[in-house]
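Trainee: I would like to learn how to read a protein model. Could we go through one together, feature by feature?

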Amino acid sequence: MLNSNYKEIIKQSHQRCEKLGIQQDQIYSKKIVSDNALQRILNENRDMIMTAIPYIEQIFKFTKGSDFFVLLTDSEGCILNALGDENILSEAFSLKMIPGAYMNEENIGTNAMSCVIKTNSPIQLSGPDHFINTYKRWTCSAAPVKDSDGNLIGVVDLTGYTENVHPHTLGIVVSVAKAIEEMLKVIKTNKNTKNKKSINVNSHQYKYRFEDIVGQDENFLDAIEFAKKISNSDSTILLMGESGTGKELFAQSIYNLSPRCNEPFIVLNCGAIPRQLMESELFGYVEGAFTGAKKGGNPGKFELANGGTIHLDEIGEMPPDMQVKLLRVLEEGYVTRLGSHKIIPVDVRIIASTNKDLGKEVEKSKFRKDLYYRLNVLPLFIPPLRERKGDIKLLLDYFIDEISRRTSKPKINITKENLLLLENHNWPGNVRELRNFAELLINTGKFPNMYFNRMEKPMAKEHKEESLDMESVEKEHLIRVIRRCNGNISQSAELLGIRRNTLYNKIKKYNINI
Ligand SMILES: Nc1ncnc2c1ncn2[C@@H]1O[C@H](COP(=O)(O)OP(=O)(O)OP(=O)(O)O)[C@@H](O)[C@H]1O
Ligand SMILES: [Mg+2]
């Protein structure tokens, strides 16, 4: 299935780029459409995007912390959605790899997405396989998403830094693209059979219960106790905790213990869905509301959740105009579909979650104060793993047990010295990172001391207050690139797309130690 003749595919693509007159020092895609045009393209691809989001979110979570980002494009290479680690994603955005930019060969030269569009097959490209110099820093793995007739309808791509290239990355992308295709088929079949019950195709996924939550730390047990108590209320819950602390686990457990457990549980990740599709996804739309709107319109998540629970994940990412609209729904208890004035009453229990400090976001005027107070009725805080060190061994044993059973590989014994290392680590990715660590442990068959040497540095950075002025951002970026090139100035300058002298001047200016 994977392209064995990929060298030939790349060679031919480079030849076409030369013929097309694409310059190797080109940085941005030649085609980036306007907001209006993007809105139209997003509307046209709405079903594919919404079906793909949970899967690309999975890849994002799986690769979190390892400097990767996921792109979803349409069949012509127009970026529809981008998710990824903050640093690398902002680097991609600085190269205008943003929604609305075209990644096809004609506009940006050879890359994994352009090759998928040409060949209809998955491919992985790294470094010099790319045509333009700026992209030579990347390793990209992409796979086609096809409709049931085999026509290309989109491309899923996972991009990271060249030194992180691994054949498994392509495997991940291929299986995700296949999963999206399968889900699109299921949805199409359901639509044809007009089976209303099948709307909730994902309901089996919401399986977590309080019994599945592992922990013995006193504060953590208090959080579980409180969560159990508030399960049977209808009041809004604001779940707060760093990434990977178990917010999803808690949200599902609360739902499953609540009197609404046989009613719908609808999840919307406000950080994963394109801003332009959010209103219609939350509140629905009527026929004719916009070009490409479905015949008969479409209900929004609030309508679908009626009688049940809605989990608004990453609420801190909700754009300001949507915050106003959400506030209105919370205050008035009804929604109006896009393009209509008809009032539709909804009875929905809300669980909002965030890994941001919403109070601080309010202070910075990034989140509405009135909405914050509306949501913060029952605040539930899940402590980070580094503040419940006693749980590390318990959770690790639990994951080792589970993974070794699943993979039929032997368990690994954790010595006292190992445990000390584990307890002294800060676990910026919290329980998710610990779980990934357990996978590494079982799959490599030995305790990876290197993991801790490698991880401590960037982690220390994570907790300091970030400076976001241009000069600090540039300095940080230069340091990262130079470090990545092991201090080699020529290589760093090439990667940065600047001359060596310019780089030396900047090193001097920012007082960077090489
Ligand atoms: N206490 C726990 N016991 C068992 N598994 C846990 C626990 N906490 C988290 N996990 C596991 O860790 C992973 C991450 O949890 P979850 O997705 O709930 O985190 P999250 O807080 O929602 O993160 P994010 O903010 O990144 O979405 C999951 O695989 C979950 O099963
Ligand atoms: Mg989550």
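Mentor: Start with burial. A residue is buried if 20 or more other C-beta atoms lie within 10 Å of its own, exposed if 12 or fewer, and partly exposed in between. Keep in mind that this is a predicted model.

Trainee: Where does I403 lie, and what does it touch?

Mentor: I403 is in helix α15, residues 390-407. It has 18 other C-beta atoms within 10 Å, so I403 is partly exposed. Not counting residues up to four places away in sequence, I403 touches A438, E439 and I442. The C-alpha atoms of I403 and S235 are separated by 37 Å, and the two residues are 168 apart along the chain.

Trainee: Is H166 exposed, partly exposed or buried, and which elements stand on either side of it?

Mentor: H166 sits in the loop between β5 (152-161) and α7 (167-193). It counts as partly exposed because it has 13 C-beta neighbours inside 10 Å. H166 and R209 are 43 residues apart along the chain, and 35 Å separate their C-alpha atoms.

Trainee: Where is L83, and which residues is it in contact with?

Mentor: L83 belongs to strand β2, residues 79-84. With 20 other C-beta atoms within 10 Å, L83 is buried. Leaving aside neighbours within four places in sequence, its contacts are I56, E57, F60, F69, V70 and A272.

Trainee: Next, domains. How is the protein chain divided?

Mentor: The division gives domain 1 (6-196), domain 2 (203-381), domain 3 (386-455) and domain 4 (470-509). Taken over C-alpha atoms, the centres of domain 3 and domain 4 are separated by 35 Å.

Trainee: What should I expect of nonpolar side chains?

Mentor: In soluble globular proteins, they tend to be buried together. In this model, the largest nonpolar core has 95 residues, and those with the most contacts inside it are I56, V116, A142, V156, V173, V176 and L239. This core lies between domain 1 (6-196) and domain 2 (203-381), because both give residues to it. A second, separate core has 12 residues, including F399, V431, A438 and I442.

Trainee: Which residues is A142 in contact with?

Mentor: Leaving aside neighbours within four places in sequence, A142 is in contact with A112, M113, V116, P122, I123, V155, V156, D157 and V173.

Trainee: How do I read a helix? Which residues of α10 are buried, and what do they pack against?

Mentor: List the buried residues, then look for what they pack against. In α10, residues 275-283, the buried ones are Q276, M278, S280, E281, L282 and F283. The buried residues of α10 pack against the helices α2 (35-44), α3 (46-63), α11 (301-304) and α12 (320-332), and against the strands β7 (265-269) and β9 (334-335). After α10 comes G284, with a positive phi near 85°.

Trainee: Which residues of α20 are buried, and where around the helix are they?

Mentor: In α20, residues 489-496, S492, A493 and L495 are buried. They cover an arc of only 160° around the axis, so they are on the same side of α20.

Trainee: You mentioned a positive phi. Which residues other than glycine have one?

Mentor: E314 is one of them, with phi near 50°, and W427 is another, also with phi near 50°. E314 is in the loop between β8 (309-313) and α12, and it is buried, with 20 other C-beta atoms within 10 Å. W427 is in the loop between α16 (416-424) and α17, and it is buried, with 24 other C-beta atoms within 10 Å.

Trainee: Last, the ligand. Which residues come nearest to ligand 1, and why does it lie between two domains?

Mentor: There are 15 residues around ligand 1, and S243, G246, K247, E248 and V431 come nearest. The elements that give two or more residues to this shell are α9 (247-257) and α17 (430-444). By class, the shell has four nonpolar, seven polar and four charged residues. Domain 2 (203-381) and domain 3 (386-455) both give residues to the shell, so ligand 1 lies between them.

Terms used:
Residues numbered from 1 in each chain as written. Chains lettered and ligands numbered in written order. Predicted model: local features only at pLDDT ≥ 70, side-chain atom pairs only at ≥ 80, totals over all residues. Near = placed C-beta within 6 Å. Helix = DSSP H or I, 4+ residues; strand = E, 2+ residues; numbered from the N terminus. Nonpolar A, V, L, I, M, F, W, Y, C, P; charged D, E, K, R; others polar. Domains from an automatic or database assignment. Core = buried A, V, L, I, M, F, W, Y, C linked by C-beta atoms within 7 Å. Contact = placed C-beta atoms within 7 Å. Arc of directions from axis to C-beta.
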